[in-house]
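I opened the notebook to record what I looked up in this model, one entry at a time.

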Amino acid sequence: MALSMCVCVCPGLLLLFMVASELRDAETKPIEFVCNKGARRAINIVAELKSALSECYGSTTLSTPVQLPCTELHVASWENRSDQEKRGDIIASLKLLVESVKVFKAQSQPGCAASLLQRLENNINNYLLILTQLQLSGPAVSPGLSCVPRSTQSLSTVLLNYNQLISGKLERFVINLEDRCNSN
(Lines give C-alpha, C1' and ligand atoms only; values in the text may rest on other atoms or scores of the structure.)
Protein backbone atom coordinates (compact mmCIF):
# COMPACT_ATOMS: atom_id res chain seq x y z
CA MET A 1 0.00 0.00 0.00
CA ALA A 2 2.72 2.49 0.98
CA LEU A 3 4.73 1.68 -2.14
CA SER A 4 1.75 2.25 -4.44
CA MET A 5 1.02 5.57 -2.70
CA CYS A 6 4.65 6.60 -3.21
CA VAL A 7 4.45 5.72 -6.90
CA CYS A 8 1.39 7.98 -7.24
CA VAL A 9 2.58 10.79 -4.98
CA CYS A 10 6.33 10.85 -5.58
CA PRO A 11 6.20 11.95 -9.24
CA GLY A 12 3.94 14.82 -8.13
CA LEU A 13 6.33 15.71 -5.34
CA LEU A 14 9.25 15.60 -7.74
CA LEU A 15 7.43 17.92 -10.13
CA LEU A 16 6.50 20.21 -7.22
CA PHE A 17 10.15 20.28 -6.11
CA MET A 18 11.32 21.07 -9.63
CA VAL A 19 8.78 23.88 -10.01
CA ALA A 20 9.59 25.22 -6.54
CA SER A 21 13.31 25.26 -7.24
CA GLU A 22 12.77 27.04 -10.56
CA LEU A 23 10.44 29.50 -8.84
CA ARG A 24 12.82 30.05 -5.94
CA ASP A 25 15.53 31.05 -8.42
CA ALA A 26 13.12 33.37 -10.21
CA GLU A 27 12.00 34.92 -6.92
CA THR A 28 15.56 35.35 -5.71
CA LYS A 29 16.63 37.12 -8.89
CA PRO A 30 13.69 38.23 -11.02
CA ILE A 31 16.05 38.73 -13.97
CA GLU A 32 16.43 34.93 -13.97
CA PHE A 33 12.70 34.75 -14.72
CA VAL A 34 13.39 36.94 -17.75
CA CYS A 35 16.43 34.97 -18.88
CA ASN A 36 15.19 31.44 -18.20
CA LYS A 37 12.34 30.35 -20.45
CA GLY A 38 12.16 27.08 -18.51
CA ALA A 39 11.45 29.00 -15.30
CA ARG A 40 8.70 30.92 -17.07
CA ARG A 41 7.17 27.69 -18.35
CA ALA A 42 7.42 26.06 -14.92
CA ILE A 43 5.58 28.85 -13.13
CA ASN A 44 2.69 28.90 -15.64
CA ILE A 45 0.25 26.36 -14.16
CA VAL A 46 -2.75 27.21 -16.32
CA ALA A 47 -2.62 23.86 -18.15
CA GLU A 48 -2.61 22.05 -14.78
CA LEU A 49 -5.55 24.14 -13.59
CA LYS A 50 -7.51 23.45 -16.79
CA SER A 51 -6.87 19.74 -16.35
CA ALA A 52 -7.97 19.88 -12.71
CA LEU A 53 -11.05 21.86 -13.76
CA SER A 54 -12.20 18.89 -15.84
CA GLU A 55 -12.40 16.97 -12.52
CA CYS A 56 -14.66 19.64 -10.97
CA TYR A 57 -18.02 18.21 -11.92
CA GLY A 58 -20.66 20.93 -11.76
CA SER A 59 -18.23 23.47 -10.28
CA THR A 60 -17.24 25.30 -13.43
CA THR A 61 -19.86 28.03 -12.92
CA LEU A 62 -19.04 30.38 -10.07
CA SER A 63 -21.74 31.78 -7.78
CA THR A 64 -20.40 35.33 -8.08
CA PRO A 65 -18.66 37.03 -11.00
CA VAL A 66 -14.89 37.31 -11.16
CA GLN A 67 -13.34 40.32 -12.90
CA LEU A 68 -11.14 39.43 -15.83
CA PRO A 69 -7.67 40.82 -16.52
CA CYS A 70 -7.01 43.10 -19.48
CA THR A 71 -5.65 40.78 -22.15
CA GLU A 72 -6.05 42.71 -25.40
CA LEU A 73 -2.72 43.55 -26.94
CA HIS A 74 -2.40 46.16 -29.66
CA VAL A 75 1.17 45.47 -30.71
CA ALA A 76 1.96 48.93 -32.12
CA SER A 77 0.75 50.82 -29.05
CA TRP A 78 2.28 48.22 -26.71
CA GLU A 79 5.71 48.62 -28.31
CA ASN A 80 5.52 52.41 -27.86
CA ARG A 81 5.06 52.10 -24.10
CA SER A 82 7.93 52.18 -21.62
CA ASP A 83 8.91 49.04 -19.73
CA GLN A 84 7.53 50.65 -16.57
CA GLU A 85 4.15 51.25 -18.26
CA LYS A 86 4.01 47.70 -19.59
CA ARG A 87 4.81 46.27 -16.18
CA GLY A 88 2.22 48.57 -14.59
CA ASP A 89 -0.44 47.36 -17.02
CA ILE A 90 0.33 43.70 -16.28
CA ILE A 91 0.50 44.26 -12.51
CA ALA A 92 -2.83 46.12 -12.54
CA SER A 93 -4.46 43.24 -14.43
CA LEU A 94 -3.00 40.63 -12.07
CA LYS A 95 -4.09 42.63 -9.01
CA LEU A 96 -7.61 43.02 -10.41
CA LEU A 97 -7.88 39.27 -10.92
CA VAL A 98 -6.33 38.27 -7.58
CA GLU A 99 -8.60 40.63 -5.63
CA SER A 100 -11.65 39.31 -7.45
CA VAL A 101 -10.58 35.73 -6.72
CA LYS A 102 -10.15 36.60 -3.02
CA VAL A 103 -13.67 38.07 -2.88
CA PHE A 104 -15.12 34.94 -4.45
CA LYS A 105 -13.22 32.64 -2.12
CA ALA A 106 -14.39 34.58 0.94
CA GLN A 107 -18.00 34.06 -0.11
CA SER A 108 -17.77 30.46 -1.31
CA GLN A 109 -17.90 27.06 0.26
CA PRO A 110 -14.84 24.82 0.21
CA GLY A 111 -14.79 22.59 -2.83
CA CYS A 112 -13.18 21.97 -6.17
CA ALA A 113 -13.65 25.50 -7.56
CA ALA A 114 -12.40 27.11 -4.34
CA SER A 115 -9.35 24.84 -4.38
CA LEU A 116 -8.56 25.75 -7.98
CA LEU A 117 -9.00 29.43 -7.22
CA GLN A 118 -6.61 29.12 -4.27
CA ARG A 119 -3.99 27.66 -6.58
CA LEU A 120 -4.71 30.43 -9.10
CA GLU A 121 -4.36 33.07 -6.37
CA ASN A 122 -1.00 31.63 -5.30
CA ASN A 123 0.21 31.57 -8.91
CA ILE A 124 -0.87 35.17 -9.51
CA ASN A 125 0.93 36.23 -6.32
CA ASN A 126 4.11 34.55 -7.60
CA TYR A 127 3.93 36.60 -10.81
CA LEU A 128 3.22 39.77 -8.83
CA LEU A 129 6.24 39.16 -6.62
CA ILE A 130 8.53 38.64 -9.59
CA LEU A 131 7.21 41.67 -11.49
CA THR A 132 7.36 44.04 -8.53
CA GLN A 133 10.93 42.97 -7.70
CA LEU A 134 12.16 43.26 -11.30
CA GLN A 135 14.65 46.14 -11.63
CA LEU A 136 13.68 48.48 -14.46
CA SER A 137 15.27 51.75 -15.47
CA GLY A 138 13.23 54.91 -15.83
CA PRO A 139 10.70 56.65 -13.64
CA ALA A 140 8.28 54.52 -11.65
CA VAL A 141 4.75 54.37 -13.04
CA SER A 142 1.64 53.61 -11.02
CA PRO A 143 -0.05 50.44 -12.23
CA GLY A 144 -3.07 51.18 -14.41
CA LEU A 145 -5.52 49.09 -16.37
CA SER A 146 -5.53 49.37 -20.14
CA CYS A 147 -9.16 48.33 -20.50
CA VAL A 148 -12.55 48.41 -18.86
CA PRO A 149 -12.65 45.11 -16.97
CA ARG A 150 -15.24 42.51 -17.86
CA SER A 151 -16.46 39.82 -15.52
CA THR A 152 -17.57 36.22 -15.79
CA GLN A 153 -18.95 33.41 -13.70
CA SER A 154 -17.22 30.78 -15.82
CA LEU A 155 -14.09 29.35 -14.23
CA SER A 156 -12.86 28.16 -17.63
CA THR A 157 -13.17 31.74 -18.98
CA VAL A 158 -11.19 33.01 -15.98
CA LEU A 159 -8.42 30.50 -16.76
CA LEU A 160 -8.52 31.31 -20.49
CA ASN A 161 -8.14 35.05 -19.83
CA TYR A 162 -5.41 34.50 -17.27
CA ASN A 163 -3.52 32.34 -19.77
CA GLN A 164 -3.93 35.03 -22.44
CA LEU A 165 -2.43 37.60 -20.06
CA ILE A 166 0.52 35.35 -19.17
CA SER A 167 1.26 34.09 -22.69
CA GLY A 168 0.46 37.42 -24.35
CA LYS A 169 1.34 40.64 -22.56
CA LEU A 170 3.63 39.14 -19.93
CA GLU A 171 5.58 36.97 -22.36
CA ARG A 172 5.98 39.84 -24.86
CA PHE A 173 7.14 42.11 -22.01
CA VAL A 174 9.72 39.54 -20.85
CA ILE A 175 11.00 38.87 -24.37
CA ASN A 176 11.62 42.61 -24.77
CA LEU A 177 13.79 42.49 -21.63
CA GLU A 178 15.91 39.52 -22.75
CA ASP A 179 18.69 41.82 -24.00
CA ARG A 180 19.54 42.31 -20.30
CA CYS A 181 20.38 38.62 -19.94
CA ASN A 182 23.79 38.90 -21.57
CA SER A 183 24.88 41.66 -19.21
CA ASN A 184 24.28 39.56 -16.03
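Entry 1: I note here that the model is predicted.

**Entry 2: the whole protein.** I stepped back to list the elements. The protein has eight helices and two strands. Reading from the N terminus on, I wrote the order down as α-α-α-α-β-α-α-α-β-α. Of the 184 residues in the protein, 38% are buried. I also looked up the accessible surface, which comes to about 10,000 Å². Carbon and sulfur atoms hold 56% of that surface.

Residues 24 or more positions apart account for 86% of them.

**Entry 3: aromatic pairs.** How many aromatic pairs does the count come to? I got two aromatic pairs. A pair of aromatic rings is described by the distance of the centres and the angle of the planes, so I noted both values each time.

For Phe 33 and Tyr 127, the ring centres are 6.1 Å apart and the planes stand at 80°. Planes over 60 degrees apart count as edge-to-face, so this pair is edge-to-face. Phe 33 lies in helix H2 (residues 30–35), while Tyr 127 lies in helix H7 (residues 112–133). The pair therefore ties together parts that are 94 residues apart in sequence.

Are these two residues buried or exposed? The cut-off for buried is under 20% relative accessible area. Phe 33 has 3% relative accessibility, so I put it down as buried. Tyr 127 has 1%, so Tyr 127 counts as buried too.

**Entry 4: the other pair.** Tyr 127 also pairs with Tyr 162. Their ring centres are 6.3 Å apart and their planes are at 75°, so I recorded this pair as edge-to-face as well. Tyr 162 lies in helix H8 and Tyr 127 in helix H7, so the pair ties together parts that are 35 residues apart in sequence. I checked burial here: both Tyr 127 and Tyr 162 are buried.

**Entry 5: putting the rings together.** Which residues form one aromatic cluster? I wrote down Phe 33, Tyr 127 and Tyr 162. Tyr 127 is paired with Phe 33 and with Tyr 162.

Note on methods. Residues are numbered from 1 along each chain as its sequence is written. This is a predicted model: local features need pLDDT of at least 70, side-chain atom pairs count only at pLDDT 80 or more; totals for chains, interfaces and linings use all residues. Side-chain values use heavy atoms; hydrogens and water are left out. Rings of Phe, Tyr and Trp (its six-membered ring) pair if their centres lie within 6.5 Å; planes under 30 degrees apart count as stacked, over 60 as edge-to-face and the rest as tilted. Helices (H or I, at least four residues) and strands (E, at least two) are DSSP runs, numbered from the N terminus. Buried means under 20% relative accessible area, exposed over 50%, partly exposed in between (1.4 Å probe, protein chains only). Contact means heavy atoms within 4.5 Å. Accessible areas come from the Shrake-Rupley method with a 1.4 Å probe; for residues, only the protein chains shown count as cover.
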